[in-house]
Amino acid sequence: MTELDLGWKIAEVAADPVAVPAETHAMVINRLIDNAAVSAASVSRRLVAVARAQARAHRNTPGAAIFGIDGTFSPEWAALANGAAVDDLEFHDGYLAGYHAHPGATIPALVAVAQHTGLRGTDLVRGIATAYEVQISLARGMSAHHSTFHHNAHLGVSVAAGLGTLLRLPVPTIHAAIGHAAHLTALPCRSPGKPHAGWNLHTPAHTGKLAIEAVDRAMRGDSATLAADGAQDGYDAAFWQADHVRLPGMGEPKRAIVDSYPRQHSASHLGQAAIDLALRMRERISHVRDIERVVLHTSHHAHLVIGTGSGDARKFAPDASRNVLSHSVMYLFAVALQDGLWHHERSYAPERAHRPDTIELWQKISTAAVPSIDSAETPFGVRAEVTLGSGEVIVDELAVADAHPAGARPFERKDYVAKFAELADGVIDRREQQRFLDVVTCLRDLKRGSLGMLNPLVDSRILDAAPTTYGIFR
């Protein structure tokens, strides 16, 4: 094995039986609550219903749970359905350094396999800790500017590593699984600033499904590698150079999950700080209609992806899809400034986007890339310069979103519980909400075969009202 074989180094980290720190364990619970919250909010959305219908056609015993419903199903299909529910509203966690990541997208696959194989709560915690460690280490060590591959290539590797930990697989088997997962899930990068459309939004869910299949294949003896010389098979060698990635050493606790951050607002992770800044600046602007122009100074990455640097005219279009609007910092700032709040549904409603005064303000907003903001520590920072008709200029800035660990109001357990209660209201019965919270907060004590209790059941009337879909699977 060569020194630069990144897959082998990741496999060693995954196989390390190091104990899980208390702060990592606590954050795993927070992330499980957060994923359940956003899944409750998205349960009736069309593409989530499509994935759920596909998964329900694949019953399996012992199997895994599909969010909100009774029964057990093939774990890879349950991972797809649950991953789609987590991804759909862009409301789960994020991490941004050299590359961006949404490590919460690893959780559905890990939970599904843990349920199917009858593992314990402590096993699940260890697997999630590894998946986050790998995902965040890759985001820190690799740059989006030096790769032709989408960050979901990281996700497939991270899920495979997490499953290796979960199932206590030996290093060679995990190494093969990582190689399979990487080759199956490495997709070309999209152009900067072009958000996903339709089912492409659920690439992470499909990646989790493929990673489960990759691990199964490796366990049956099929080999694969993930190394810099894999470039001959189409890989970008620089992307997989191990010396760019700092992984924990043997015996070093896995703590990366505590550096990930929740999304308080249903929008691009790059836009979280901009929404919070707009909400704060609203107190200093007596009449929003007096605004002459707004310049949002952001990182180069944000300028290209969600700002005017993208050159995407749809980011100013009232008829644009929700996914496009969520990647328009101009829209996010305008609506938050006018409304003084952000809502995962109402803020994107067609009638909201078509308000004449919103369109007028929206058109006055632009972005500019500022090198001083473009740092690995705060790549999501924003400084707003608001010029009024009187000539007065109001300036304010925010390095990170309020809910970020380094923010003004970092999310604590009570905030995750409050988010769950808000998004589950009218979807999950209150007694069922409490049952789920009681179970998940005692995750360490869950015995073998009891992880199915982590699935909160949804009101059957909500599921019945979801779009009905038909296809090959019945």
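# Cavities, cores and a covered helix

The structure holds 6 cavities of 30 Å³ or more. The model is a predicted one. The largest cavity has a volume of about 240 Å³, and the second largest cavity holds about 60 Å³. The largest nonpolar core has 98 residues, and another core, of 44 residues, lies apart from it.

**Largest cavity**

- A total of 16 residues line the largest cavity.
- Nearest the centre of the largest cavity are Leu32, Phe67, Asn82, Val111 and Leu454.
- At least two lining residues come from each of helix H2 (22-42), helix H4 (75-87) and helix H5 (107-116).
- By class, the lining of the largest cavity has 11 nonpolar residues, 5 polar residues and no charged ones.

**Second largest cavity**

- The lining of the second largest cavity consists of Asp16, Val18, Ala19, Val20, Pro21, Arg126, Ala129, Thr130, Thr165 and Lys254.
- Helix H6 (residues 121-141) gives the most to this lining, with 3 residues.
- The lining of the second largest cavity divides into 5 nonpolar, 2 polar and 3 charged residues.

**Second largest pocket**

- The second largest pocket contains about 310 Å³ of space.
- It is lined by 15 residues, and Phe91, Gln264, His265, Phe411 and Glu422 are the closest to its centre.
- The lining of the second largest pocket is made up of 6 nonpolar, 5 polar and 4 charged residues.

**Nonpolar cores**

- In soluble globular proteins, nonpolar side chains tend to be buried together.
- Within the core of 98 residues, those with the most contacts are Ile10, Leu124, Ile128, Phe420 and Leu443.
- Helix H2 supplies the largest share of this core, 10 residues.
- The separate core of 44 residues includes Ala278, Ala302, Ala320 and Leu337.
- Leaving out residues up to four places away in sequence, Ile128 touches Val28, Leu32, Ile107, Leu110 and Ile257.

**Leu443**

- Leu443 sits in the loop between helix H17 (430-440) and helix H18 (460-465).
- Leu443 counts as buried because its relative accessibility is 0%, and buried means under 20%.
- With residues up to four places away in sequence not counted, Leu443 touches Val28, Ile29, Leu32, Gly121, Thr122, Leu124, Val125, Leu451 and Leu454.
- Among these contacts, Leu32 and Leu454 are also listed with the residues nearest the centre of the largest cavity.
- From C-alpha to C-alpha, Leu443 and Leu454 are 8.8 Å apart in space, and they are 11 residues apart in sequence.

**Helix H8**

- Helix H8 covers residues 171-185, which is 15 residues.
- At 1.5 Å a residue, helix H8 should span 21 Å; its end C-alpha atoms are 21 Å apart, so the two values agree.
- H8 is mostly covered, with 12 of its 15 residues buried.
- The buried residues of H8 are Val171, Thr173, Ile174, His175, Ala176, Ala177, Ile178, Gly179, His180, Ala181, Ala182 and Thr185.
- The cover over the buried residues of H8 includes helix H1 (6-15), helix H7 (152-166) and helix H9 (203-219).

Methods:
Residues are numbered from 1 along each chain as its sequence is written. This is a predicted model: local features need pLDDT of at least 70, side-chain atom pairs count only at pLDDT 80 or more; totals for chains, interfaces and linings use all residues. Side-chain values use heavy atoms; hydrogens and water are left out. On a 1 Å grid over the protein atoms alone, a cavity is a set of points where a 1.4 Å probe fits but cannot get out, and a pocket is an open set with protein on both sides within 12 Å along at least five of seven lines; lining residues have an atom within 4 Å of a point. Grid points are joined across faces, edges and corners, and a volume is the space filled by probe spheres set on the points. Ala, Val, Leu, Ile, Met, Phe, Trp, Tyr, Cys and Pro count as nonpolar, Asp, Glu, Lys and Arg as charged, and the others, Gly among them, as polar. Helices (H or I, at least four residues) and strands (E, at least two) are DSSP runs, numbered from the N terminus. Buried means under 20% relative accessible area, exposed over 50%, partly exposed in between (1.4 Å probe, protein chains only). Contact means heavy atoms within 4.5 Å. The expected span of a helix is 1.5 Å times one less than its number of residues. A nonpolar core is a set of buried Ala, Val, Leu, Ile, Met, Phe, Trp, Tyr and Cys residues joined through side-chain atoms within 4.5 Å.
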